[in-house]
Amino acid sequence: MKEILFGRTGHPLIKELEKNIYAHRGYHDKPQIPENSVPAFKRAIERGWGAELDVHLLKDGSLLVFHDSDVRRCTGSEGILEEMTLQEAMALRLEGTSEKIPLFDEVLDLFENRGPLIIELKTYKGNHRELAEAVIRRLSSYKGLFC
């Protein structure tokens with residue numbers, strides 16, 4: 001029998017999440033402060049806001065925060081994020097800046113006990129279960145508000 005994974009719909013903390021302001025992909029200011037970058041997330045925290053972010057699962061099991069599967073729009077490089085290793089993805093830079101694609105752990109460390117998160121899982125070629133399980137494993141020790 002397969003285990004079924006459920007979201008947090010109806011969770012008692014939803015009311016707490018609804019009280020906040022959220023910066024979509026962080027509080028970015030392109031091209032100086034790219035979306036889904038550490039500086040964009042820090043700017044949101046400085047204002048007391050939460051953030052919406054996007055999480056991808058790389059082929060080596062790493063979790064990165066980035067919007068698109070195709071890296072071209074935000075890096076100018078060719079490739080599909082889910083088909084990369086962490087080492088390959090770390091060589092990319094965001095929007096022509098020196099900023100790299102952040103690890104999910106980096107963003108969680110920034111927000112833990114500081115602000116709420118809306119975490120969007122970006123699936124690719126049927127990896128939804130593996131991605132969800134990896135994110136759930138990581139969030140099991142997270143001390144912060146999220147959905």
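Q: Let's start with strand E2 (residues 50–57). How many of its residues are buried?
A: 8 of its 8 residues are buried, and E2 is mostly covered. Buried means under 20% relative accessible area, exposed means over 50%, and partly exposed is in between (1.4 Å probe, protein chains only). Strands (E, at least two residues) and helices (H or I, at least four) are DSSP runs, numbered from the N terminus.

Q: What kind of model is this?
A: It is a predicted model, where local features need pLDDT of at least 70, side-chain atom pairs count only at pLDDT 80 or more, and totals for chains, interfaces and linings use all residues. Residues are numbered from 1 along each chain as its sequence is written, and side-chain values use heavy atoms, leaving out hydrogens and water.

Q: Back to E2. Which residues sit on each side?
A: Gly50, Glu52, Asp54 and His56 are on one side. Ala51, Leu53, Val55 and Leu57 are on the other. All of these are buried, and both faces of E2 are covered.

Q: Does E1 run parallel or antiparallel to E2?
A: Parallel. Strand E1 (residues 22–24) is joined to E2 by 3 bridges. Two strands pair if DSSP finds at least two bridges between them. His24 has Glu52 in E2 as its bridge partner.

Q: How does the chain get from E1 to E2?
A: The chain goes through H2, making a right-handed β-α-β crossover. Right-handed means that, with the strands pointing away from the viewer, the path from the first strand over the helix to the second runs clockwise.

Q: And E4? How many bridges join E2 to that strand?
A: There are 5 bridges from E2 to strand E4 (residues 117–121), and these strands run parallel. Glu52 turns up here too: its bridge partner in E4 is Ile118.

Q: What about E3, parallel or antiparallel to E2?
A: Antiparallel. Here 3 bridges join E2 to strand E3 (residues 63–65). Val65 in E3 stands opposite Val55.

Q: Which residues have a positive phi without being a glycine?
A: Glu95 is one of them, at about 55 degrees. Asn113 is another, at about 60 degrees. Glu95 is in the loop between H4 and H5. Asn113 is in the loop between H5 and E4.

Q: How exposed are they?
A: Glu95 is partly exposed, with a relative accessible area of 22%. Asn113 counts as exposed, because its relative accessibility is 64%.

Q: Where is the cis peptide bond?
A: Between Lys30 and Pro31, with omega at about 0 degrees. Pro31 is in the loop between E1 and H2.

Q: New topic: rings. How many aromatic pairs are there in the whole structure?
A: The search finds 3. In one of them, the ring centres of Phe41 and Phe111 are 6.0 Å apart and the planes are at 80 degrees, so the pair is edge-to-face. For the cut-offs: rings of Phe, Tyr and Trp (its six-membered ring) pair if their centres lie within 6.5 Å; planes under 30 degrees apart count as stacked, over 60 as edge-to-face and the rest as tilted.

Q: Now cysteines. How many disulfides does the structure hold?
A: It holds 0. A disulfide here is a pair of cysteine sulfur atoms within 2.5 Å. Cys74 counts as buried because its relative accessibility is 4%. Cys147, at 33% relative accessibility, counts as partly exposed.

Q: What share of the chain is buried?
A: Buried residues are 44% of the 147 residues.

Q: Last one. What box do the C-alpha atoms fill?
A: Roughly 45 × 40 × 20 Å, taken along the principal axes.
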